[in-house]
Amino acid sequence: VQVNRWEDEVSKQVDQPVAVSLRHFEPSEIKRLIEQAMRDETGADFAFINQGGVRDILPRGQLLVRHIWNIMPFDNRVVFGKFKGRDLPPVVLGDQKVDPEREYTLAVSDFTAANQSADEQLRSSGLRFSGDGGLLRDVLVDWFRKKRVIE
């Protein structure tokens, strides 16, 4: 009885539609979606999330808040900071060229910020992220709602 009551309570919150996906997304593709959401919602120039942080796929069709919880079950926060181009980690830049003297905003999860020197993270150290963009899961839910259709 107690479990059913809690499941009903949780279902009211997570079984809400947020967007429609036109195709199936694998975790590596979801990583890019999350980074886009982090950039869009914080105004950052760059964003990074570790691949291991993405915990599920996104199916084709109606997406629910539950799907966002499944891909991002952690209470991680989005944090951001401003850094000169020369100080941005190569893993964040990929093939993009930056002005070494210009300031750019980088958004990451607080987990990434705290573990930034790890191989699966930024492979960097000493970066300070003073901005707080809120819970990453909430940022994603807001972004998916605004997008409505995920391609």
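**Salt bridges and ring pairs, explained**

Modeller: In this predicted model, Glu41 and Lys146 form a salt bridge, with their closest N and O atoms 3.0 Å apart. Glu41 belongs to helix H2 and Lys146 to helix H6 (residues 136–147), so the pair links distant parts of the chain, 105 residues apart.

Biologist: Why is the contact of Glu41 with Lys146 called a salt bridge?

Modeller: The cut-off is within 4 Å from a side-chain nitrogen to a carboxyl oxygen. The N and O atoms of this pair are 3.0 Å apart, so the contact qualifies.

Biologist: Happy with that! What makes Lys146 count as exposed?

Modeller: Its relative accessibility is 60%, and exposed means over 50%, so Lys146 is exposed. Glu41, at 26%, falls between the 20% and 50% limits and is therefore partly exposed.

Biologist: Now the rings. Why is the pair of Trp143 and Phe144 called edge-to-face?

Modeller: Good one! The ring centres lie 5.2 Å apart, within the 6.5 Å limit, so Trp143 and Phe144 pair. Their planes stand at 85 degrees, and over 60 counts as edge-to-face, so that is the name.

Biologist: And how do you know whether Trp143 is buried or exposed?

Modeller: Buried means under 20% relative accessible area; Trp143 has 3%, so it is buried.

Biologist: What puts the charged end of Arg137 over the ring of Trp69?

Modeller: The charged end is 3.6 Å from the ring centre, and the distance limit is within 6 Å. An angle limit of within 35 degrees of the ring normal applies too, and Arg137 is listed as sitting over Trp69.

Definitions and conventions. Residues numbered from 1 in each chain as written. Predicted model: local features only at pLDDT ≥ 70, side-chain atom pairs only at ≥ 80, totals over all residues. Heavy atoms only, no water. Phe/Tyr/Trp six-rings, centres within 6.5 Å; stacked < 30°, edge-to-face > 60°. Buried < 20%, exposed > 50% of the residue type's maximum accessible area, 1.4 Å probe, protein only. Helix = DSSP H or I, 4+ residues; strand = E, 2+ residues; numbered from the N terminus.
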